[in-house]
Amino acid sequence: MNTARDHLIDWLRDAYAMEIQAEKMMQNMHGRLRQYPALATRLEQHIAETKSQAEQVKQCLHQLGADTSALKTGLAALTGFAQAMSGAIAEDEVVKGGVFSHAFEQFEVANYTVLVAAATAAGEPGIAATMDAIRREEEAMAGWLRDNLEAIVQQYLLTGEKR
Ligand code: MG
Ligand code: FE
């Protein structure tokens, strides 16, 4: 039977893949934004946070003595939904991207909630604290998107600016 520690290591590996994919998706979205400076600025901030999150997750794996030489960096750990949406480029991509990004941040919140519980069960309070701090960053990004989607939609409908 797998121990809590084994699961913690597996789920940290999944979280690493999730963060690498998150960075790629946000860089992609950021590169296509011109007329939405507030969104672009918030994305820049969260891209920086995301890079740090990936490093922190890797450090937690090191701390647990796990091998980090073959970490997944693709979509393998993500849902088909994420896979389908991340490649989508529609005329209303800023709106679609906003919806997807909000959902993705909630996906991250749920994953870090699992990791807080797993780290606690594995007797790793330091890792649990790190996972909780990352979860707060994901919650803040999800909240920002929720609070700004209306303005993004209004601007899109008013100006028809795609990017
Ligand atoms: Mg993240
Ligand atoms: Fe995030």
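I began with the term donor: an N, O or S atom within 2.8 Å of the metal (3.2 Å for Na, K and Ca), and since water is not among the atoms, sites may look incomplete.

**Basis.** I noted that this is a predicted model, in which local features need pLDDT of at least 70, side-chain atom pairs count only at pLDDT 80 or more, and totals for chains, interfaces and linings use all residues. Residues are numbered from 1 along each chain as its sequence is written, chains are lettered from A and ligands numbered from 1 in the order in which they are written, and side-chain values use heavy atoms, without hydrogens and water.

**Metal site.** I looked up the bridge and found that Glu108 links the iron ion (ligand 2) with the magnesium ion (ligand 1), the two ions being 3.1 Å apart. His46 lies in helix H2 and Glu138 in helix H5 (residues 125–159), so this pair ties together parts 92 residues apart in sequence; helices are DSSP runs (H or I, at least four residues) numbered from the N terminus. I recorded His46 (NE2), Glu105 (OE), Glu108 (OE) and Glu138 (OE) as coordinating the iron ion (ligand 2), at 2.0 to 2.2 Å.

**Confidence.** I read a mean pLDDT of 89 for the chain, with 88% of its residues at 70 or more; pLDDT is the predictor's confidence in each residue, from 0 to 100. Where pLDDT is low, the predicted coordinates should not be read in detail.

Key. Helices (H or I, at least four residues) and strands (E, at least two) are DSSP runs, numbered from the N terminus.
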